[in-house]
Amino acid sequence: MPPPAAIATPLYQTLTEELREAIRDGRLVAGARLPSVREAANSRGISINTVLAAYRQLEANGLVDARPQSGYFVRSQLAVPPAPQAAAAEPSSAIAAESTVLSRIASVLAAQTRPDTIDLSLACPKGSDFYPGEKLGRIVADLTRRHPELLTDYSLPPGPLLLRREICRHATELGMQLQPDAILLTNGCMEALQLALHATTRAGDTVGLESPTYFNLIPLLDRLGLKAIEIPTHPEGGLSLDALELLLSEGRLKVVVTMPTVHNPLGTSMSPANKRRLANLARTYKVPVIEDALYAELQFSTPLQPTAKAFDRDGWIIVCASYTKTLAPGMRVGWMEGGRFGRELAELKFCSSVAQPALLGEAIGRFLESGGYAQHIRRLRRTYAAQTERLRGLIHDAFPAGTRATQPSGGFLVWVELPEGCDTNRLFDLALRRGIGMTPGKLYSPSGRYTRHLRLSGCYPFSDRHVHALMTLGELAGAQLR
């Protein structure tokens, strides 16, 4: 009796194995986009359904991610931080920032200005890959020629109506229903945060601060004479609302500062349900929440998740944002909506710097109105989604076994946790001697926690020099374990 005929391997499985091997040996790096389903089908002479079956199998195996309207992208195999333990939900006591943290922040900022240093953590995109500089330049030139009064007349509040209208129009994509008359233009997001803290606190008050948090808030609180209570914040759920509610119920906080949508440094976002609960806590306990929405428009998935401000019904949430990360850092155009604190914020702004330059505000307003911003931001989201996945892949390849990193939901920042035995404060000093800059985790906590953590940034092209610096940093981290 003749042997049974060999069973042919299904075409989709052959393609799956071929792509899996390309991912394993590095021919397809993390963040790389697979050919479109139609391209792959045409180039191989197979059906679209066969390609779809292969791509979906890779997705099921955790090797690629499907992004709506963008395609399939190679996923890094770097582990994410573990879920928080129940004991971690307990908040700390109110403290002033430790002097060692403040001095370390100053030394890191000084290192960022050294021309011979390549900084792997700096959250400052540069160049035409990330900003539409030429288009904005043409708008500014046209405005200067047609409306010279924008240069010769004093800029007075509340600033260009066109920009304030466009801010409100684009805010609807984030679930916010804002009015132009309530928009206050500021000198970037940092001035907005400072004004919000001035309006809601007095020296000696205690602020609820995420832990980890944006490091520039720490010296700001110190300058204002404010203390902080660090509230546990995890990539999986965001700010611990149980810990926050305990503090609010005990009357221990004057204000809360949070970044629930695309967090810095975590890169992740709080769920809409938790944002709603956060807004309800602010209303229930009548404690203002200052929401930093700087990266909210850089979410990878669409439709965009709402901000916490979207759930604010009584004006207890002050939202702050700017166009420095998305459009034009050199223009320093930010904005805020202050809810029930709007009048006091407007008075503080006038005392601080009167108003923003009308020319720059009008230029950004026209760019937003033209549809150019919507097109630009869509491209930027795709770029950063690929950049952060590529960065996670490089971290996986360069850093010692046991390293974990967050899986960002937007923006370009990744929070890295090194294995036991590593110290990122020492790593910063060692790397700087090699011309490499980074921000150790100690900067992101007033009490100097996170000594095994660091923030890395994916807002630069991955040139050979940049990749080499990442590899060197990983080698220096591994050497600490040896």
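Predicted model: local features only at pLDDT ≥ 70, side-chain atom pairs only at ≥ 80, totals over all residues.
Residues are numbered from 1 along each chain as its sequence is written, and side-chain values use heavy atoms, with hydrogens and water left out. Local features need pLDDT of at least 70, side-chain atom pairs count only at pLDDT 80 or more, and totals for chains, interfaces and linings use all residues.

**View 1. Packing of helix 10 (residues 241-249) and helix 11 (residues 272-285).** Helices (H or I, at least four residues) and strands (E, at least two) are DSSP runs, numbered from the N terminus. The two helices pack at an angle of about 0° with their axes 11 Å apart, where axes are lines fitted to C-alpha atoms, for helices over the stretch in contact, and angles run from 0 to 180 degrees between N-to-C directions. Residues of helix 10, including L241, L244 and L248, meet residues of helix 11, among them L278, L281 and Y285 (contact means heavy atoms within 4.5 Å).

View 2. G393 is buried, with a relative accessible area of 9% (buried means under 20%, with a 1.4 Å probe and protein chains only). Leaving aside neighbours within four places in sequence, G393 is in contact with A30 and S76.

**View 3. An open sheet of 4 strands in the order 12-13-16-15, with antiparallel pairing.** Strand 12 (404-405) and strand 15 (439-440) are the edge strands, each pairing on one side only, where two strands pair if DSSP finds at least two bridges between them. Strand 15 is joined by 2 bridges to strand 16 (residues 453-457), and L454 in strand 16 is the bridge partner of P440.

How values were computed:
Buried < 20%, exposed > 50% of the residue type's maximum accessible area, 1.4 Å probe, protein only.
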